Amino acid sequence: MPYYACMWHIWTNVRSKFKKGHLKLSELYFATTRSYMLDKFNERMSNIEEIDTRIKAYLYDIGYHGWSRVYAMVNRTWTMTSNIADSLNELDELSCAHALAALRHRNESYTNYCSPYYTRESLLQTYEIPVDPLPDESK
């Protein structure tokens with residue numbers, strides 16, 4: 001079973017251990033975690049290295065597969081956690097509580113970071129088509 005780390009916890013560790021460029025680094029780090037393409041991931045890691053080479057080494061030591069989407073060994077979403085309850089959210093494509101708190105802090109909508117199945121529109125579409133019950137087989 002692969003181990004995954006919560007990207008929010010990793011960010012709080014980076015912020016406390018390395019004191020350089022937090023504002024610029026924050027956006028860059030979270031963009032790197034969500035990268036779908038290897039070339040974008042590598043470009044962003046190079047930009048992180050320009051800010052502080054120690055941060056790139058720290059993230060490398062954790063293991064890119066443990067916190068980045070592009071290196072993930074399984075299909076996952078935003079949720080990067082080893083907590084068993086939050087791990088279920090990787091299956092359900094819902095963001096963990098830490099991610100939701102960070103999104104609220106940044107005044108961003110969670111809908112950009114979870115499955116479209118959880119939108120109001122999708123729920124309404126589910127019940128748009130009538131489904132006739134099957135006849136009772138015992139009769």
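A nonpolar core is a set of buried Ala, Val, Leu, Ile, Met, Phe, Trp, Tyr and Cys residues that are joined through side-chain atoms within 4.5 Å; buried stands for under 20% relative accessible area, exposed for over 50%, and partly exposed for what lies in between, with a 1.4 Å probe and protein chains only. The model is a predicted one, in which local features need pLDDT of at least 70 and side-chain atom pairs count only at pLDDT 80 or more, whereas totals for chains, interfaces and linings use all residues. Residues are numbered from 1 along each chain as its sequence is written, and side-chain values use heavy atoms, with hydrogens and water left out.

The chain holds seven helices and zero strands, where helices (H or I, at least four residues) and strands (E, at least two) are DSSP runs numbered from the N terminus. Of its 139 residues, 37% count as buried. Contact means heavy atoms within 4.5 Å, and among the contacts in the chain with a separation of 6 or more, 48% come from residues 24 or more positions apart.

The largest nonpolar core has 19 residues, and those with the most contacts inside it are I10, V14, Y29, L59 and W67. Helix 1, helix 2 (22-33), helix 3 (38-51) and helix 4 each supply at least two residues of this core. Y29, when its neighbours within four places in sequence are left aside, is in contact with M7, I10, W11, I48, L59 and W67.

Helix 1 (residues 7-17) and helix 4 (residues 53-62) pack at an angle of about 145°, with their axes 11 Å apart; the axes are lines fitted to C-alpha atoms, for helices over the stretch in contact, and angles run from 0 to 180 degrees between N-to-C directions. In this contact, I10, N13, V14 and K17 of helix 1 meet I55, Y58, L59 and I62 of helix 4. These residues divide into six nonpolar, one polar and one charged, where Ala, Val, Leu, Ile, Met, Phe, Trp, Tyr, Cys and Pro count as nonpolar, Asp, Glu, Lys and Arg as charged, and the others, Gly among them, as polar.

Helix 2 has twelve residues and reaches 16 Å from its first C-alpha to its last, close to the 16 Å expected at 1.5 Å a residue, the expected span being 1.5 Å times one less than the number of residues. Its buried residues are L25, S26, L28, Y29, F30, A31, T32 and T33, and what covers them includes helix 1, helix 3 and helix 4. One of these residues, T32, counts as buried at 0% relative accessibility; not counting residues up to four places away in sequence, T32 touches F41, R44, M45, I48 and W67.

I51 lies in helix 3 and is buried, with a relative accessible area of 15%. Residues up to four places away in sequence not being counted, I51 touches K20, K24, L25 and L28. I51 and K24 are 27 residues apart in sequence and 8.9 Å apart in space, C-alpha to C-alpha.

A last stop is the loop between helix 6 (97-105) and helix 7 (120-126), where N107 is found. N107 is exposed, with a relative accessible area of 72%, and its phi is near 55°, a positive value in a residue other than glycine. Most residues other than glycine have a negative phi.
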